[in-house]
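Subject: Structure handover

Hi,

Here is the structure for you to look through. My notes follow below it.

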Amino acid sequence: MKKILLSLLAVPALYFSSSAQTKTLFDGKTTTGWHTYLKTGAGAWKVVDGALTLDPKAEQQGDLVTDGEYENYELTLEWNIEKTGNSGIIFGVHEDPKFGATYQTGIEMQVLDNKDAEDNKKANHLAGSLYDMKAPSADVCKPAGEWNKVKLRKKDGHLTFWLNGTQIVDTQMGSDEWKTMIANSKFKTWADFAAYPKGHIALQDHGHVVAFRKIKIKQL
């Protein structure tokens with residue numbers, strides 16, 4: 001009986017331990033936990049209808065980055081972009097004044113209006129792609145103005161992207177495939193690109209209205 005009782009008591013403990021691994025990165029009300037790259041405060045990013053939203057006409061433009069740094073995790077969020085819009089989710093970002101932009105070190109999952117954005121000519125630039133490296137295996141992006149659901153998993157350099165419930169990218173950093181993709185990309189001469197296993201997560205300011213909500217992370 002004592003063993004059974006101890007087993008029953010262990011169930012809720014395991015439940016809470018598992019639940020504690022998931023952290024909300026955005027509370028839906030404030031920009032707490034975020035700042036503009038290399039600056040203080042959220043700048044042109046505001047909370048609108050429960051979403052972190054970029055106003056491209058506001059002062060203090062720049063990518064919005066997490067205060068914390070992360071290495072192995074599952075990131076989930078939803079994004080919504082205006083017609084012709086372009087943005088991205090950039091991760092593994094090393095914040096240092098010697099790097100003028102998040103993308104100099106960080107890897108990008110593309111956010112895009114696939115139909116009308118100017119940057120829709122290459123498959124590895126479409127929404128959900130590993131930007132300029134690997135195209136999504138399927139075009140499951142919703143039209144501009146609608147919410148898209150993302151799950152991005154990074155575990156020991158293994159990257160897996162899902163968009164709207166469909167797995168669309170899977171690759172291993174440092175593999176032969178990875179080296180070939182780098183060699184064929186704009187990053188081939190960038191010594192610090194993807195060089196930091198642990199880094200900030202950024203929401204890209206590309207000059208278009210874009211919104212992100214329900215941002216959560218589960219550290220692995």
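Of the contacts in the protein with a separation of 6 or more, 66% join residues 24 or more positions apart. Contact here means heavy atoms within 4.5 Å.

This is a predicted model: local features need pLDDT of at least 70, side-chain atom pairs count only at pLDDT 80 or more, and totals for chains, interfaces and linings use all residues. Residues are numbered from 1 along each chain as its sequence is written, and side-chain values use heavy atoms, with hydrogens and water left out.

Buried residues make up 45% of the 220. Buried means under 20% relative accessible area, with a 1.4 Å probe and protein chains only.

Two residues to look at:

His-125 sits in the loop between strand E8 (107-112) and strand E9 (148-155). Strands are DSSP runs of E, at least two residues, numbered from the N terminus. His-125 counts as buried because its relative accessibility is 6%. Its side chain makes a polar contact with the side chain of Asp-119, at 2.7 Å. A polar contact is a pair of N or O atoms within 3.5 Å; within protein, one must be able to donate a hydrogen and the other to accept it, and residues adjacent in sequence count only if both atoms are side-chain atoms.

Asp-205 is in the loop between strand E12 (200-203) and strand E13 (210-219). A polar atom of its side chain lies 2.8 Å from the backbone nitrogen of Gly-62. Beyond its neighbours within four places in sequence, Asp-205 touches Trp-45, Leu-54, Gln-61, Gly-62 and Asp-63.

Best wishes

Terms used: Helices (H or I, at least four residues) and strands (E, at least two) are DSSP runs, numbered from the N terminus. Buried means under 20% relative accessible area, exposed over 50%, partly exposed in between (1.4 Å probe, protein chains only).
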